[in-house]
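Here are my notes on the model, point by point. Please read them with the structure open.

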Amino acid sequence: MTDLEAAWDDVHENTPEGWYVGRPGYEERHDQWSMCAFDSTEKAIVGKRSREWTSVGQTELECVREMARCLGELR
């Protein structure tokens, strides 16, 4: 198993019920990776969700590990 696969396993393990986790994407203008997660059971309103996380990293691996850590804090 690669480090990236292990990080994704941590994300899946730490994701609370009802949450959606997006795929990481590379942002060229900022030279970083980012991904978001949110509580899909939260009532939709205009603007930013109150239960939403965004993680960033210099590499895809750093980004996914950061998301796993953030989601782990929710549990």
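1. Asp39 counts as buried, because its relative accessibility is 7% and the cut-off for buried is under 20%. Keep in mind that this is a predicted model. Asp39 is also an acidic residue with a partner. It forms a salt bridge with Arg51, and the closest N and O atoms are 2.8 Å apart. Asp39 sits in strand β3, while Arg51 sits in the loop between β3 and β4, so the pair ties together parts that are twelve residues apart in sequence. Arg51 has 38% relative accessibility, so Arg51 counts as partly exposed.

2. Where does Asp39 stand in the strand pairing? Asp39, in β3, is opposite Trp19. Strand β1 covers residues 19–21, and three bridges join β1 to β3. The two strands run antiparallel.

3. Strand β2, residues 25–27, is also joined to β3 by three bridges. Again the sense is antiparallel. Here Gly25 stands opposite Ser34 of β3. β2 and β3 form a hairpin, with four residues between the strands. Look at Asp31 in that turn: its phi is positive, about 50°.

4. On to strand β4, residues 52–57. β3 and β4 pair over six bridges, in the antiparallel sense.

5. Is β3 enclosed or open? Six of its eight residues (the strand spans 32–39) are buried, so β3 is largely enclosed by the rest of the structure. Its pairings, as set out above, are with β1, β2 and β4.

6. Ser55 deserves a look. Its place is in strand β4. Ser55 has a relative accessible area of 1%, so this residue is buried. What does its side chain reach? The Ser55 side chain comes to 3.1 Å from the backbone oxygen of Cys63. Leaving out residues up to four places away in sequence, Ser55 touches Trp33, Ser34, Met35, Cys63, Glu66 and Met67. Two of these names turn up elsewhere in this note: Ser34 stands opposite Gly25, and Glu66 has a salt bridge with Arg69.

7. How many salt bridges does the structure hold? There are four. Asp39 with Arg51 is one of them. Side chains of opposite charge can pair when their charged atoms come close.

8. Two further salt bridges involve Arg69. With Glu66, the closest N and O atoms are 2.5 Å apart. Both residues lie in helix α2, residues 60–74; they are three residues apart, so about one helical turn separates them. With Glu73, the N to O distance is 2.4 Å. Glu73 and Arg69 are four residues apart in α2, which again means a separation of about one helical turn. Shared partners join Glu66, Arg69 and Glu73 into one salt-bridge network.

9. How accessible are the members of this network? Glu66 is partly exposed, with a relative accessible area of 25%. Arg69 is partly exposed as well, at 41%. Glu73 is exposed, at 51%. For Glu73 the cut-off matters, because exposed means over 50%.

Conventions:
Residues are numbered from 1 along each chain as its sequence is written. This is a predicted model: local features need pLDDT of at least 70, side-chain atom pairs count only at pLDDT 80 or more; totals for chains, interfaces and linings use all residues. Side-chain values use heavy atoms; hydrogens and water are left out. Buried means under 20% relative accessible area, exposed over 50%, partly exposed in between (1.4 Å probe, protein chains only). Two strands pair if DSSP finds at least two bridges between them. A salt bridge is a side-chain nitrogen of Lys or Arg within 4 Å of a carboxyl oxygen of Asp or Glu. A polar contact is a pair of N or O atoms within 3.5 Å; within protein, one must be able to donate a hydrogen and the other to accept it, and residues adjacent in sequence count only if both atoms are side-chain atoms. Contact means heavy atoms within 4.5 Å.
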